[in-house]
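Please keep the sequence and the coordinates at hand while reading.

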Amino acid sequence: MAPVVALKRSFLAYPLVNAAHILSIGVLVTTVILMDLRILGGLSAIDGRTFIALMRRLALFAFAGAVLTGASLFSVRAGDYAANPAFLLKMALIPVAVLNMFLFRHLARGWEAATWRHDPPRFVRGTAATSLLLWLAVLLCGRFIAFL
């Protein structure tokens, strides 16, 4: 409980945690968009295997940061957030987006091991397109939290 009280009372802590949350989300959404665009055929001048490996590491790091800072922000106004439809939709979409990532990892295993010179199979492109939509929806829901 002490960290929550400190977050509520500190002049700097809450804005700094909020800024770290926004930064984490920015890195996460940017890396996801870049990975998905690469899988969908964009950025083809970049080696796919190396690029996706780098973006995936950055995305996982940013996701962890977003979860930690988001949980801290939630703890300060849990009742308000728990009643906010945009927050609830965001919390429902995040596990779907994570499951989609695991589905991609499972379905694309053989394709990722290939040379990346071939177009990805339809189901791999489908998970990339779904990922784009889901993470952009998460981002929009996050922005709407303040307005509902």
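## A nonpolar patch on the surface

In this predicted model, a nonpolar patch on the surface is formed by Leu 23, Val 27, Leu 54 and Leu 58, which together have about 320 Å² of accessible area. Two helices, H2 (13-39) and H3 (48-76), each supply at least two residues of this patch.

Leu 58 is found in helix H3. Its relative accessible area is 35%, and Leu 58 is therefore classed as partly exposed, given that the partly exposed class lies between the buried limit of under 20% and the exposed limit of over 50%.

## Helix H7

Helix H7 covers residues 122-144, and over these 23 residues the distance from the first C-alpha to the last is 33 Å, close to the 33 Å expected at 1.5 Å a residue.

Which residues of H7 are buried? They are Val 124, Thr 127, Ala 128, Ser 131, Leu 132, Leu 134, Trp 135, Val 138 and Cys 141. As background to such a list, an α-helix has 3.6 residues a turn, so residues three or four places apart point the same way.

## Aromatic pairs

A search of the whole structure gives 4 aromatic pairs. One of them joins Phe 63 and Trp 135 in an edge-to-face arrangement, with 6.2 Å from centre to centre and 80° between the planes. This pair links distant parts of the chain, since Phe 63 belongs to helix H3 and Trp 135 to helix H7, 72 residues apart. Phe 63 is partly exposed, with a relative accessible area of 25%, whereas Trp 135 has 9% relative accessibility and so counts as buried.

The rings of Tyr 81 and Phe 87 also pair, with their centres 5.4 Å apart; their planes stand at 40°, so the pair is tilted. Tyr 81 is buried, at a relative accessible area of 12%, and Phe 87 counts as buried at 13% relative accessibility.

Arg 77 itself is partly exposed, with a relative accessible area of 39%.

How many salt bridges does the structure hold? There is 1 salt bridge, and it is formed by Asp 80 with Arg 77, the closest N and O atoms being 3.2 Å apart.

Ala 6 lies in helix H1, which comprises residues 2-9, and at 41% relative accessibility Ala 6 counts as partly exposed. Although Ala 6 and Val 76 are 70 residues apart in sequence, their C-alpha atoms are 9.6 Å apart in space.

## Overall layout

The protein has 7 helices and 0 strands, and read along the sequence the pattern is α-α-α-α-α-α-α. The C-alpha trace spans about 55 × 25 × 20 Å along its principal axes. Of the 148 residues of the protein, 34% count as buried, and the residues described above that belong to this class include Trp 135, Tyr 81 and Phe 87.

Key: Residues are numbered from 1 along each chain as its sequence is written. This is a predicted model: local features need pLDDT of at least 70, side-chain atom pairs count only at pLDDT 80 or more; totals for chains, interfaces and linings use all residues. Side-chain values use heavy atoms; hydrogens and water are left out. Patches are made of residues with over 30% relative accessible area and no salt bridge: like charges are joined within 9 Å, nonpolar side chains (Val, Leu, Ile, Met, Phe, Trp, Tyr) within 5 Å. Accessible areas come from the Shrake-Rupley method with a 1.4 Å probe; for residues, only the protein chains shown count as cover. A salt bridge is a side-chain nitrogen of Lys or Arg within 4 Å of a carboxyl oxygen of Asp or Glu. Helices (H or I, at least four residues) and strands (E, at least two) are DSSP runs, numbered from the N terminus. Buried means under 20% relative accessible area, exposed over 50%, partly exposed in between (1.4 Å probe, protein chains only). The expected span of a helix is 1.5 Å times one less than its number of residues. Rings of Phe, Tyr and Trp (its six-membered ring) pair if their centres lie within 6.5 Å; planes under 30 degrees apart count as stacked, over 60 as edge-to-face and the rest as tilted.
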